[in-house]
Amino acid sequence: MSELLIEDRPSTISASAGVVKRNDTGNEIKLMTAHTFTHLDALESESIHIMREVAAECKNPALLFSGGKDSIVMLRIAEKAFRPAKFPFPLVHIDTEHNFPEVIATRDKLAKDLGERLIVRSLEDSIRRGSIVIKDESKPRNPFQSVTLLETIAEFGFDACMGGARRDEEKARAKERIFSFRDEFGQWDPKNQRPELWDIYNTRVHNGENIRVFPISNWTEMDIWQYIERERLHIPSIYYAHEREIIRRNGQLVPVSHLVQPKPGDQVERVSVRFRTVGDMTCTAPVASTACCAREVIEETATTRITERGATRMDDQTSDVSMELRKKEGYF
């Protein structure tokens, strides 16, 4: 059997057999005679292919990056797709100003460490322009993100925006293509989607139209956590168990914050929780947990029967078609 020579550093290929030798300079190298190709390698390879397809076919793409676990996985995939060169697109975040501070800190740190351009546009910008009118500051701002996103796309002329949405999260996303086309108003028509045969994608758009691309569409929550563990990714600390003051409302643990205060009759408890997904603080609930590392989260995820958005996102529970309606209005 022929031998494959690789450097002694972390690899996406896991060795099942091999020996260690030293080269002429005295550095250790591994002689691998066999290797395995896992399902994570297959998912990663598909995502790298999609990102490179976007970079090759689209004139001015962007990567939506919030600092959440899915977008951090996307960031690592972008590294593997394009390093040592700079990314052929900027990172873009639409900030609701209702985000968890731990997530924003992680967003800024990773962008700085990678040396990549980060474009942040806030809903406050749209409010000042008058394109968004907020009547109740205690209500979720997620429904208004579409306005600021569409304004940002128009400002920079992006023709494709890559996001970290996955099909297992929610049924509207389950029926959306990897390359999701939006009309000149940013709207998605679920009844008018292009076929995607094998790994062949049609990226042609008319002036004013836009593509939303989801490179990790075929990943599951379990895949994400296994990848985080394998790649040793730094993610916001609130994804792991920590003590937090919560209020029990409608079967959910609502976190107390400067935006969400107890109402008369509410009982504030201090509970060990973690967040399965992060977003607007006013509508994102944690779950009770003692998982303090990726391995423990994986074990918890293996036993759950409720999707992460179904268990934690209050804004998705106002209607059976909440997400689909927002996507039709321009939501990513």
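Which residues have the most contacts inside the largest nonpolar core? They are Phe179 and Trp225, in a core of 53 residues.

## Basis of the model

This is a predicted model: local features need pLDDT of at least 70, side-chain atom pairs count only at pLDDT 80 or more, and totals for chains, interfaces and linings use all residues. Residues are numbered from 1 along each chain as its sequence is written, and side-chain values use heavy atoms, with hydrogens and water left out.

## Nonpolar cores

A nonpolar core is a set of buried Ala, Val, Leu, Ile, Met, Phe, Trp, Tyr and Cys residues joined through side-chain atoms within 4.5 Å. Buried means under 20% relative accessible area, exposed over 50%, and partly exposed in between (1.4 Å probe, protein chains only). Helices (H or I, at least four residues) and strands (E, at least two) are DSSP runs, numbered from the N terminus.

The largest core has 53 residues. At least two of its residues come from each of helix 1 (39-57), helix 2 (69-82), helix 3 (101-114), strand 7 (160-162), strand 8 (179-182), strand 9 (210-213), helix 7 (221-231) and helix 8 (294-301). Helix 2 gives the most, with 8 residues. A second, separate core has 11 residues, including Leu64, Ile94, Ile119 and Cys161.

Contact means heavy atoms within 4.5 Å. Not counting residues up to four places away in sequence, Phe179 touches Ile50, Glu53, Val54, Glu196, Tyr201, Thr203, Ile211, Arg212 and Val213. In helix 7, the buried residues are Glu221, Asp223, Ile224, Trp225, Tyr227, Ile228 and Glu231. Arg232 follows helix 7 and has a positive phi, near 55 degrees.

Two strands pair if DSSP finds at least two bridges between them. An open sheet of 6 strands has the order 6-5-4-7-9-8, with mixed pairing. Its edge strands are strand 6 (118-122) and strand 8, each pairing on one side only. Neighbouring strands are turned by 30 degrees against each other on average, direction ignored. Strand 4 (residues 61-64) pairs with strand 7 in the parallel sense, over 3 bridges. Here Ala62 stands opposite Cys161.

Axes are lines fitted to C-alpha atoms, for helices over the stretch in contact, and angles run from 0 to 180 degrees between N-to-C directions. Helix 3 lies across strand 5 (91-95) and strand 6, at about 165 degrees to strand 5. Helix 5 (residues 145-156) lies across strands 4, 5, 6, 7 and 9, at about 135 degrees to strand 6.

Strand 12 (residues 268-274) joins strand 13 through 2 bridges. Val273 stands opposite Ala288 in strand 13.

Arg244 sits in strand 10 (residues 242-249). Why does Arg244 count as buried? Its relative accessible area is 14%, and buried means under 20%. Leaving aside neighbours within four places in sequence, Arg244 contacts Phe100, Glu102, Ile238, Pro255, Glu269, Arg270, Val271, Val273 and Phe275. Arg244 and Val268 are 24 residues apart in sequence and 9.9 Å apart in space, C-alpha to C-alpha.

Thr284 lies in the loop between strand 12 and strand 13. Thr284 is buried, with a relative accessible area of 0%. Its side chain reaches the backbone oxygen of Asp280 at 2.8 Å.

Key:
A polar contact is a pair of N or O atoms within 3.5 Å; within protein, one must be able to donate a hydrogen and the other to accept it, and residues adjacent in sequence count only if both atoms are side-chain atoms.
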